[in-house]
Amino acid sequence: MDSSPMTLFGYFNERVKANLHLVVAMSPIGDTFRTRLRMFPSLINCCTIDWFTAWPDDALEMVATSLLQETKLEASLLAHCVTVCKYFHHSIDDLAHRYVTGLEKLKEAKLLITELQEELKLLQPCLVETSANTEALMIKIEQDTIQVERKQEV
(Lines give C-alpha, C1' and ligand atoms only; values in the text may rest on other atoms or scores of the structure.)
Protein backbone atom coordinates (compact mmCIF):
# COMPACT_ATOMS: atom_id res chain seq x y z
CA MET A 1 0.00 0.00 0.00
CA ASP A 2 1.27 3.42 -0.96
CA SER A 3 1.63 5.76 2.03
CA SER A 4 1.58 9.03 0.14
CA PRO A 5 -0.62 11.80 1.56
CA MET A 6 -3.09 11.55 -1.34
CA THR A 7 -3.51 7.79 -0.88
CA LEU A 8 -3.99 8.17 2.86
CA PHE A 9 -6.53 10.94 2.32
CA GLY A 10 -8.42 8.78 -0.19
CA TYR A 11 -8.43 5.89 2.29
CA PHE A 12 -9.71 8.24 4.99
CA ASN A 13 -12.53 9.48 2.72
CA GLU A 14 -13.58 5.90 1.89
CA ARG A 15 -13.70 4.99 5.59
CA VAL A 16 -15.72 8.10 6.43
CA LYS A 17 -18.23 7.40 3.64
CA ALA A 18 -18.62 3.81 4.82
CA ASN A 19 -18.99 4.59 8.53
CA LEU A 20 -20.50 8.05 8.86
CA HIS A 21 -24.04 8.13 10.18
CA LEU A 22 -25.98 11.30 10.93
CA VAL A 23 -29.10 11.76 12.95
CA VAL A 24 -31.28 14.71 12.04
CA ALA A 25 -34.25 15.37 14.28
CA MET A 26 -37.05 17.57 12.97
CA SER A 27 -40.60 18.14 13.99
CA PRO A 28 -43.08 17.10 11.28
CA ILE A 29 -45.51 19.77 12.43
CA GLY A 30 -45.91 22.91 10.35
CA ASP A 31 -44.66 24.23 7.04
CA THR A 32 -40.97 24.25 7.99
CA PHE A 33 -40.66 20.47 7.65
CA ARG A 34 -42.39 20.45 4.27
CA THR A 35 -40.21 23.32 3.03
CA ARG A 36 -37.00 21.56 4.08
CA LEU A 37 -38.05 18.38 2.33
CA ARG A 38 -38.67 20.32 -0.87
CA MET A 39 -35.33 22.13 -0.59
CA PHE A 40 -33.40 18.93 0.15
CA PRO A 41 -35.06 15.98 -1.61
CA SER A 42 -32.24 13.64 -0.56
CA LEU A 43 -33.70 13.76 2.95
CA ILE A 44 -36.40 11.48 1.56
CA ASN A 45 -34.46 9.61 -1.15
CA CYS A 46 -31.28 8.78 0.77
CA CYS A 47 -32.45 8.64 4.38
CA THR A 48 -34.39 6.37 6.64
CA ILE A 49 -37.21 8.24 8.31
CA ASP A 50 -38.29 7.05 11.74
CA TRP A 51 -41.52 8.53 13.02
CA PHE A 52 -41.40 8.46 16.80
CA THR A 53 -44.82 8.49 18.34
CA ALA A 54 -46.26 7.18 21.59
CA TRP A 55 -46.27 3.40 21.87
CA PRO A 56 -49.58 1.68 22.59
CA ASP A 57 -49.66 -0.64 25.61
CA ASP A 58 -50.16 -3.80 23.57
CA ALA A 59 -47.06 -3.04 21.47
CA LEU A 60 -45.01 -2.50 24.63
CA GLU A 61 -46.29 -5.80 26.02
CA MET A 62 -45.41 -7.67 22.83
CA VAL A 63 -41.88 -6.26 22.66
CA ALA A 64 -41.21 -6.91 26.35
CA THR A 65 -42.63 -10.41 26.15
CA SER A 66 -40.59 -11.33 23.08
CA LEU A 67 -37.37 -9.96 24.58
CA LEU A 68 -37.94 -11.62 27.95
CA GLN A 69 -38.80 -15.03 26.41
CA GLU A 70 -35.09 -15.79 26.22
CA THR A 71 -34.77 -15.55 30.02
CA LYS A 72 -37.06 -18.59 30.55
CA LEU A 73 -38.93 -17.11 33.50
CA GLU A 74 -42.10 -18.52 35.00
CA ALA A 75 -45.30 -17.22 33.40
CA SER A 76 -46.40 -15.18 36.45
CA LEU A 77 -42.93 -13.67 36.90
CA LEU A 78 -42.74 -12.93 33.18
CA ALA A 79 -46.09 -11.09 33.34
CA HIS A 80 -44.84 -9.00 36.27
CA CYS A 81 -41.61 -8.18 34.42
CA VAL A 82 -43.61 -7.08 31.37
CA THR A 83 -45.71 -4.84 33.60
CA VAL A 84 -42.55 -3.33 35.10
CA CYS A 85 -41.13 -2.72 31.61
CA LYS A 86 -44.32 -0.92 30.58
CA TYR A 87 -44.18 1.14 33.79
CA PHE A 88 -40.56 2.14 33.12
CA HIS A 89 -41.39 3.17 29.56
CA HIS A 90 -44.35 5.30 30.62
CA SER A 91 -42.50 6.85 33.57
CA ILE A 92 -39.60 7.82 31.30
CA ASP A 93 -42.06 9.47 28.91
CA ASP A 94 -43.51 11.39 31.85
CA LEU A 95 -40.06 12.42 33.11
CA ALA A 96 -39.03 13.54 29.62
CA HIS A 97 -42.18 15.67 29.38
CA ARG A 98 -41.47 17.20 32.79
CA TYR A 99 -37.86 17.84 31.77
CA VAL A 100 -38.91 19.63 28.58
CA THR A 101 -41.49 21.66 30.51
CA GLY A 102 -38.82 22.62 33.05
CA LEU A 103 -36.45 23.69 30.30
CA GLU A 104 -39.18 25.85 28.77
CA LYS A 105 -39.87 27.48 32.14
CA LEU A 106 -36.15 28.15 32.63
CA LYS A 107 -36.01 29.73 29.18
CA GLU A 108 -39.01 31.93 30.00
CA ALA A 109 -37.43 32.94 33.32
CA LYS A 110 -34.18 33.82 31.56
CA LEU A 111 -36.05 36.05 29.10
CA LEU A 112 -37.96 37.71 31.93
CA ILE A 113 -34.76 38.33 33.90
CA THR A 114 -33.11 39.82 30.80
CA GLU A 115 -36.07 42.14 30.27
CA LEU A 116 -36.03 43.21 33.93
CA GLN A 117 -32.28 43.87 33.80
CA GLU A 118 -32.73 46.06 30.73
CA GLU A 119 -35.58 47.91 32.42
CA LEU A 120 -33.41 48.40 35.50
CA LYS A 121 -30.59 49.82 33.36
CA LEU A 122 -33.06 52.28 31.84
CA LEU A 123 -34.36 53.28 35.28
CA GLN A 124 -30.88 53.61 36.82
CA PRO A 125 -30.47 57.35 36.06
CA CYS A 126 -33.94 58.05 37.45
CA LEU A 127 -33.13 56.04 40.59
CA VAL A 128 -29.88 57.97 41.11
CA GLU A 129 -31.72 61.27 40.68
CA THR A 130 -34.50 60.24 43.06
CA SER A 131 -31.95 59.05 45.60
CA ALA A 132 -30.15 62.40 45.43
CA ASN A 133 -33.47 64.26 45.82
CA THR A 134 -34.39 62.08 48.81
CA GLU A 135 -31.02 62.72 50.42
CA ALA A 136 -31.41 66.48 49.93
CA LEU A 137 -34.94 66.32 51.36
CA MET A 138 -33.69 64.38 54.40
CA ILE A 139 -31.04 67.06 55.03
CA LYS A 140 -33.69 69.80 54.73
CA ILE A 141 -36.03 67.93 57.10
CA GLU A 142 -33.19 67.52 59.58
CA GLN A 143 -32.42 71.26 59.44
CA ASP A 144 -36.10 72.13 59.80
CA THR A 145 -36.38 69.77 62.76
CA ILE A 146 -33.43 71.49 64.45
CA GLN A 147 -35.02 74.93 63.88
CA VAL A 148 -38.38 73.73 65.26
CA GLU A 149 -36.68 72.30 68.35
CA ARG A 150 -34.89 75.63 68.94
CA LYS A 151 -38.17 77.52 68.66
CA GLN A 152 -39.84 75.12 71.11
CA GLU A 153 -37.05 75.66 73.62
CA VAL A 154 -37.53 79.43 73.51
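Predicted model: local features only at pLDDT ≥ 70, side-chain atom pairs only at ≥ 80, totals over all residues.

Begin by selecting residues 57-68, which form helix H4, together with residues 75-153, which form helix H5; the two pack at an angle of about 125°, with their axes 9 Å apart. H4 and H5 are therefore oblique to each other, and if you turn the view you can follow H4 as it passes H5 in a right-handed crossing.

Next, show the side chains where the two helices touch: H4 contributes Asp57, Leu60, Glu61, Ala64, Thr65 and Leu68, while H5 contributes Leu78, Cys81, Val82, Cys85, Lys86, His89 and His90. Sorted by class, this contact has 7 nonpolar, 3 polar and 3 charged residues.

Now move to the largest pocket, which holds about 530 Å³ of space. Select Val24, Ala25, Thr48, Ile49 and Asp50, which are the closest to its centre among the 15 residues that line it. By class, the lining of this pocket has 13 nonpolar, 1 polar and 1 charged residues.

How values were computed:
Residues numbered from 1 in each chain as written. Heavy atoms only, no water. Axes fitted to C-alpha atoms, helices over the stretch in contact; angles between N-to-C directions. Helix = DSSP H or I, 4+ residues; strand = E, 2+ residues; numbered from the N terminus. Parallel < 35°, antiparallel > 145°, perpendicular 65-115°, else oblique. Left-handed = near helix turned anticlockwise from the far one by under 90°. Contact = heavy atoms within 4.5 Å. Nonpolar A, V, L, I, M, F, W, Y, C, P; charged D, E, K, R; others polar. 1 Å grid on protein atoms, 1.4 Å probe; cavity = no way out; pocket = protein on both sides within 12 Å on 5 of 7 lines; lining within 4 Å. Points joined across faces, edges and corners; volume = space filled by probe spheres on them.
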